Structure formats: structure tokens, C-alpha cells
Amino acid sequence: MAAAPGPGGDIPDLAVVIAGGSGRTTALRSGEPEFARLWQLLEPAFAGTERVSDGWAEGRYPPVRITVIWGLTGVGGWPQSNRPPGGDVAVQRQDQLFVTEDGTPWVRSDPSPDVEDDDIRWHRAPRSVFEQLDGARLLGGQDGTGAAGPGARAGRASGAWWAIPGLAVGLALGAGGTLLIRRAAARPMAGPPRAEPRQELIDL
């Protein structure tokens, strides 16, 4: 069983959990018990893959229980951004969890969600950890508030692929946007022009 990572290095320290098709999100940070359990379940450091059916590879897999976007905080700075180092979040990996009819949890991983490629990997998740998290309701449950129910559509429509660009921007703005606004407001020439002539709209 994979242990949760410690601080430092290029290891993700932020997990944004999107529950099923509800769009409800939860942010977990390294050091929190839920982050450690999620790490043990999804094993985001796992680089291998297992063979799956052609249907799964084409997107016809069971409804997604959760989508997790793993991020690394404390990055940024020139030339990657105009903010000082430490203000941005790098999106490192996306994992999707779903459960087969026999109760086996599977993980569908995209190691580079910000790159358009076909590098999709699969592996089974430890059932014991899944049952613990499912009992704690971290994975949404089957009441329709989080995970998709039996009648939900499977495949890409149940995922959160559409949310990655916006989420990445949101994470970056949430981490460093306030600082950027403060820096702009503190500039000597900040604010509307005062000495320049104003333009007036005349109704003819």
C-alpha cells in the first residue's frame, strides 16, 4: 500500500476532488488524513498500467465516482508567470475512480492532463481502502448527491475533463491572484486617469 508523501520534491500536495456528476468539489492538502487515504486509494505515484477491454479504452466504462486533480503548490515565477515564485499551482495528474459490478474499484489516470495525448493508464485500487473511504462518505455515496447512480451514463460524459483548464486557472488565481491585485493597486499610477481630458458622448 502506498504511503502518503512527505513535503518537498515534485510530489503533489493538493488534491481537488470532484464528486461524480454533481460538480461538487473538495480540496484536500498534504498532511490531512483524508489526503493520505485518497493517496493510498488512487496511488498517484504509480506509473504502470493494466490491460483493459476495448470498450473501456474507448470510454465505455462504468459511471465515475470521483475525479481527482492532483496539484503541486509553491511553483511559478518568471518566465512561467508574472507572479513571484510560490504563487501558482501546477496540475500534475488526473485520476478517475469507478467501480465494476463485482465491487472492484478501478482507477483511470491521465499523467499529463494539460497535454493532448493518448497516454491513459489503468490500475485496480485496493478494495480495503476503497471500502473505508466509501463508508466515510468521502467518495460521495450512491444517494445521487455525489457519485453517479446505476442509471447514469458511463464514459467521458460522467467525467470532469471539461473542468481541467478552468480549474487550473482557478487554482492559480486562488493561490496568487490576491497578491497580483495588491501589487497592481500599489503602483504609483494605479487607478483611473485624473489629469487627462475626458471624452464625452454627445447625442446628435
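Which residues of helix α1 (residues 33-42) are buried? Select that helix: F35, L38, W39, L41 and L42 are its buried residues, where buried means under 20% relative accessible area with a 1.4 Å probe and protein chains only. Helices here are DSSP runs of H or I with at least four residues, strands are runs of E with at least two, and both are numbered from the N terminus.

This is a predicted model, in which local features need pLDDT of at least 70 and side-chain atom pairs count only at pLDDT 80 or more, whereas totals for chains, interfaces and linings use all residues. Residues are numbered from 1 along each chain as its sequence is written, and side-chain values use heavy atoms, with hydrogens and water left out.

**Along α1.** Turn the view to look down the axis of α1: its buried residues fall within an arc of 165°, so they line one face of the helix. The arc is taken from the directions between the helix axis and the C-beta atoms. Just after α1, select E43, which takes a positive phi of about 50°.

**The cores.** Next, display the largest nonpolar core, which has 18 residues. Such a core is a set of buried Ala, Val, Leu, Ile, Met, Phe, Trp, Tyr and Cys residues joined through side-chain atoms within 4.5 Å. The residues with the most contacts inside it are L38, L41, L42, V68, W70 and L97. At least two residues of this core come from each of β1 (14-19), α1, β3 (64-75) and α3 (127-135). Helix α1 supplies the largest share, five residues. A second, separate core of seven residues can then be selected; V52, W56, F98 and W122 are among them.

Select T67, which lies in strand β3. T67 counts as buried because its relative accessibility is 0%. The side chains of T67 and Q96 are joined by a polar contact of 3.3 Å; the term denotes a pair of N or O atoms within 3.5 Å, where, within protein, one must be able to donate a hydrogen and the other to accept it, and residues adjacent in sequence count only if both atoms are side-chain atoms.

**The whole chain.** Zoom out to view four helices and six strands, in the order β-β-α-α-β-β-β-β-α-α from the N terminus. Of the 204 residues of the chain, 38% count as buried.

**Confidence.** Finally, colour by pLDDT, the predictor's confidence in each residue, from 0 to 100. The mean for the chain is 73, and 60% of its residues reach 70 or more. Over residues 143-163 the pLDDT is below 50.

Methods:
Buried < 20%, exposed > 50% of the residue type's maximum accessible area, 1.4 Å probe, protein only. Contact = heavy atoms within 4.5 Å.
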